[in-house]
Amino acid sequence: MDSRQIAGGAGSLYGIDPGRTREPVNGSDGIFINIKDEMAGSVESNATQDPRKLFARKEDTAQLPPFRFAGKYSVQEIISDPQKAASFEKDYLLQEAEYFAIARNPESMLTYDGYQLDEKTGKPLEPRAWSAPSKECLDLAICIKAVKGDPKAALVVGKGNVEASKRIAADILDKKMDTYMKFNEKYPGYGGLLPWFKSGKEITPTDDWVGRIPGLDNGEWLWTLVTSEKVLRDQGYEKIADKYAAYLDKINDKAVEIFYDKEAGKVRADVTVTDPGSADSKYETASGNGVKYLTGEDAVHEGSMMVMYVTLFGKGLPEDAPARIWDGTKMTRKEHEYGTTWTGCNAAPHESWAHLFMPTREIKEFKDLFRIREEIRTQNAANRRYPGFAAATNPPGGGPGYIDNVGIEGAGLFELKKNDTFAIYGTFPLLLECSDQNGKTGNYGLAWLLNTLKAPAMQGPLGGGESASNDGKAVSYMKTIDGSFPNVVAITGGLQKETADALRQLGKFEQFQKIMLGEYREAFGNEPLKEPCGFAPPSREVPTGHVKEYE
């Protein structure tokens, strides 16, 4: 833990901003949190909202189902006691193993979107039998970690048996590639890339993605294919690694033709495939979702993954293309009240997706920037009395649509309308930042995760829940890949080191680093980043009594 986090003394767990009103949370040990005057008194009255009680509150779990383990722990313990933090983390990962075991079609090994859950028991009803390359990348990431022998990934893949987990994960990776190859044989026009698909023994495009390729989703997936090939080969799975290498060669042969618009000098967001059944298909820039190119702000977040992939791996990319592509990106410096960050679309958690997979945090400037972003996220939520982090997710209480106007107030471009909700996976960027805290105090990621799991119906037989309202009156009765797996990948440290190793072996890390440093300096120059606050733990829990717990 560094000086920013312990400025208030050994017991100081809240970041302190001397220029703001401060309310003591625990007067006996000097813990403070800054509460906005306009927020004070606006939160629903509940006995558990007294920060002194919240901070140390536990419950008797002896009569509860085993999956409701969160009550055994307090926020205070997680932050101050590394052994308690490790125990909680292990309990969490072992419960997520129940979902991992049924997260994909057993024959194709490709992911389902998730499951609808029984509202009384939390048990799975029927699979949501569609998926996307963005969901595949999360599943691949966990398998990559397991194949490498990561003990935390082994808790999810093989209930803690590292050697068994390696075999299970390698088998999943092998069968996945066989399914990808069969899809490419049937639909060569996609160039080895994937649309959103119906997930069964074989996969076919969903009705709304026939003849279309999503750029964001494939950009995420492609990076995990690269890392899969490297880790499989390093671990002795040569035949499977050869399949991945051959498949990537096919994709790289077509990547520029499919995604680079030579006239515009930009990378396409989505692509229209004129003839999905033909290898001679033509490709056009799609504009159905309102975003034609991954440029400007759209190239800073998840979009950066496809932009960078085409730059580094696309065969036949014109010599002047990298400069044209990256001249069109736009990272913008933002001075937030809690520190220096970059301007997001909404500054929602999913906008940090790329940091799970690309080695941005191997570069000091981005490592510092990422840390401050998460300090801002925790301070913003704690001061506004949010029990968790609002994230793009399936809405609590059901209903049509998808919540996406959520994030950090004052850090994005758009008005935020649904920050009265939180998602379990919204903690993943903070979990990633805290993933090197093993054996140390100060794991704020696990502390916020614990606080959200303590909310009604946020623990079930398959692990953590999907989303809930801050007032505890509504939950989403489902369990999904992208609502669950980001936390697992983050806890294991993400794939930054594995991807960095792959890029170094391929002789591409220096180019990656040069591009990213250029983007950083364009936005931030040489002016130091401001970091007035440390991390803050949650300042309230979700009220109970409105939603029944699972039986």
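**Entry 1: helix α16**

I started with what sits over the buried residues of α16, and the cover includes α4 (133-147), α7, α9 (303-313), α11 (354-357) and α17 (509-524). Cover here goes by contact, meaning heavy atoms within 4.5 Å. Helices (H or I, at least four residues) and strands (E, at least two) are DSSP runs, numbered from the N terminus.

Before going on, I noted that this is a predicted model, where local features need pLDDT of at least 70 and side-chain atom pairs count only at pLDDT 80 or more, while totals for chains, interfaces and linings use all residues. Residues are numbered from 1 along each chain as its sequence is written, and side-chain values use heavy atoms, with hydrogens and water left out.

Which residues of α16 (residues 496-505) are buried? I got Q496, E498, T499, A500, A502 and L503. Buried means under 20% relative accessible area, exposed over 50%, and partly exposed in between (1.4 Å probe, protein chains only). Just after α16 I found G507 with a positive phi of about 75°.

**Entry 2: helix α9**

Next I checked α9, one of the helices covering α16. Here 11 of the 11 residues are buried, so α9 is largely enclosed by the rest of the structure. Among them are G303, M305, Y309 and F313.

**Entry 3: the sheet β8-β11-β12**

Then I looked at an open sheet of three strands, in the order β8-β11-β12, with antiparallel pairing. Two strands pair if DSSP finds at least two bridges between them. β8 (212-214) and β12 (283-285) are the edge strands with a single partner each, so one side of each has no neighbour in the sheet. On average, neighbouring strands are turned by 30° against each other, direction ignored. Axes are lines fitted to C-alpha atoms, for helices over the stretch in contact, and angles run from 0 to 180 degrees between N-to-C directions.

Helix α7 (residues 215-234) packs on this sheet and touches β8 and β11, its direction making about 60° with that of β8. I also followed β11 (residues 270-273), which pairs with β12 over three bridges. What is the bridge partner of V273 in β12? I found Y283 there.

**Entry 4: around β3**

Last, I traced β3 (residues 114-117), joined to β4 (residues 124-128) by three bridges and running antiparallel to β4. Y115 stands opposite P127 in β4. The hairpin of β3 and β4 has six residues between the strands, and G122 in this hairpin takes a positive phi near 75°.

I saw that three bridges also join β3 to β19 (residues 478-480), again antiparallel. In that pair, Q116 stands opposite M478.
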